[in-house]
Amino acid sequence: MTDGPKQSSLSSRVLEGDVQAIARLLTRVENDDEVGRAALEILLPHTGSAHLIGVTGPPGGGKSTLVNELIRSWRADGKRVAVIAIDPSSPLTGGATLGDRIRMMEWHADPGVFIRSMASRRFGGGLAQNTLAAAMVFDAAGFDPVVIETVGSGQDEVAIAELALTTLLVQVPGMGDSVQTLKAGALEIGDIVVVTKADRPEANDLSRDLRRLQTLTFGEPESAAGWQPPVIRTSSLTREGIPDLVAAIGDHRRWLTESGELDVRLRRIAATQLAARVQSDLMDELTSPIRHSLFATMVDEILAKAITPQRASQLLLALISHEERRS
Ligand SMILES: Nc1nc2c(ncn2[C@@H]2O[C@H](COP(=O)(O)OP(=O)(O)OP(=O)(O)O)[C@@H](O)[C@H]2O)c(=O)[nH]1
Ligand SMILES: [Mg+2]
């Protein structure tokens, strides 16, 4: 096996921004194989500068179209942009929706834009782990910003805020009872609240309601210290509000650095990544070929009401640490 030189050339090509090498490494990293793991170790010292931006909101809320307009602005500023689009639904297409495919085609010939779809079907820490590993690859390859786009389905909505430095919470007019559709706590995750499809008549009412709700949640703007999440109306048809949004993202990035919040968030992202990794490594251990039958036995015992899942989990963990000590 002559994997060694191959790995180092793969990572050096990634560091040079080679699009094909990046695509190949992303697949390796998603499959979590040896080549992927080794390359991440080489890339690690080259990471840490990209602005990780989370975009979340309801299905069909105009997230992808919005990100496309952001790409257009950032490209005009000479930035190289990566997008990780997480699709919870379609294992058939490997996560890419038709709209995402059209968007990918638009930027196909531009090496300064890389769009990757990922299916979020892996349970447990899979989403966070795969997403942040892919973000590391883009970061090392010199992409900045790196956008993580996900449909807000309650849990994912909050999860994305733990993976990003700046979170855009998308709200869309004309979806019933305006802000009442917001789940409790969802507003807090938005560093910037974006009302998309501002060309629709209901956009004004929605942004007014969102500002009221913000006041109820965070207090009067002048009384609160720190960052005030702005509500920005955008239309991807007319490009209204897109320059304002680009500016607000830049403002938030500067605020993070100046306030010291950047370190807090970097630490939170690292902790999220480690927790996700431990979770999936433990599951791999517990369901490995040598322990698989024990795991299945425990499931039988739970079904037979002989043991609680809590106790079964403790027993399995105790067994692993016992084996570790003996080896
Ligand atoms: N009128 C109007 N329609 C828009 C705007 N932005 C997006 N749309 C339309 O809204 C629909 C959904 O847009 P997407 O960008 O695919 O929305 P999404 O949030 O990424 O959707 P999912 O990824 O499927 O959750 C498409 O038909 C768009 O053409 C806008 O600014 N104005
Ligand atoms: Mg989309």
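Here are legends for a handful of close-ups of this predicted model.

Local features here need pLDDT of at least 70 and side-chain atom pairs count only at pLDDT 80 or more, while totals for chains, interfaces and linings use all residues; side-chain values use heavy atoms, with hydrogens and water left out. Residues are numbered from 1 along each chain as its sequence is written, with chains lettered from A and ligands numbered from 1 in the order in which they are written.

**View 1. Who sits around ligand 1.**

View 2. The side chain of Thr65 puts an N or O atom 2.3 Å from an oxygen atom of the ligand. For Lys197, a polar side-chain atom lies 2.8 Å from a ligand oxygen. Gly60 uses its backbone instead, with an N or O atom 2.9 Å from an oxygen of ligand 1. On its own, ligand 1 has 650 Å² of accessible area, and the protein covers 69% of that (Shrake-Rupley method, 1.4 Å probe; for residues, only the protein chains shown count as cover).

View 3. His252 belongs to helix α9, residues 242-259. Its relative accessible area is 0%, so His252 counts as buried (under 20% is buried, over 50% exposed, and in between partly exposed, with a 1.4 Å probe and protein chains only). The His252 side chain makes a 2.7 Å polar contact with that of Thr166. A polar contact is a pair of N or O atoms within 3.5 Å; within protein, one must be able to donate a hydrogen and the other to accept it, and residues adjacent in sequence count only if both atoms are side-chain atoms.

**View 4. A few of the salt bridges.** The structure holds 17 of them, each a side-chain nitrogen of Lys or Arg within 4 Å of a carboxyl oxygen of Asp or Glu. Asp32 pairs with Arg37 at 3.0 Å, N to O; Asp32 is buried at 17%, whereas Arg37 is partly exposed at 36%. Arg277 and Asp281 also meet at 3.0 Å, N to O. These two are four residues apart in helix α10, so about one helical turn separates them. Arg291 bridges to Glu285 at 3.0 Å, N to O, with Arg291 buried at 8% and Glu285 partly exposed at 35%. Through shared partners, salt bridges join Asp32, Arg37, Arg277 and Asp281 into one network.

**View 5. A nonpolar patch on the surface.** Leu274, Val278, Leu282 and Leu317 make up this patch, with about 320 Å² of accessible area together. Patch residues have over 30% relative accessible area and no salt bridge; like charges are joined within 9 Å, nonpolar side chains (Val, Leu, Ile, Met, Phe, Trp, Tyr) within 5 Å. Helix α10, residues 261-286, supplies the largest share, three residues. Val278 lies in that helix and is partly exposed at 41% relative accessible area.
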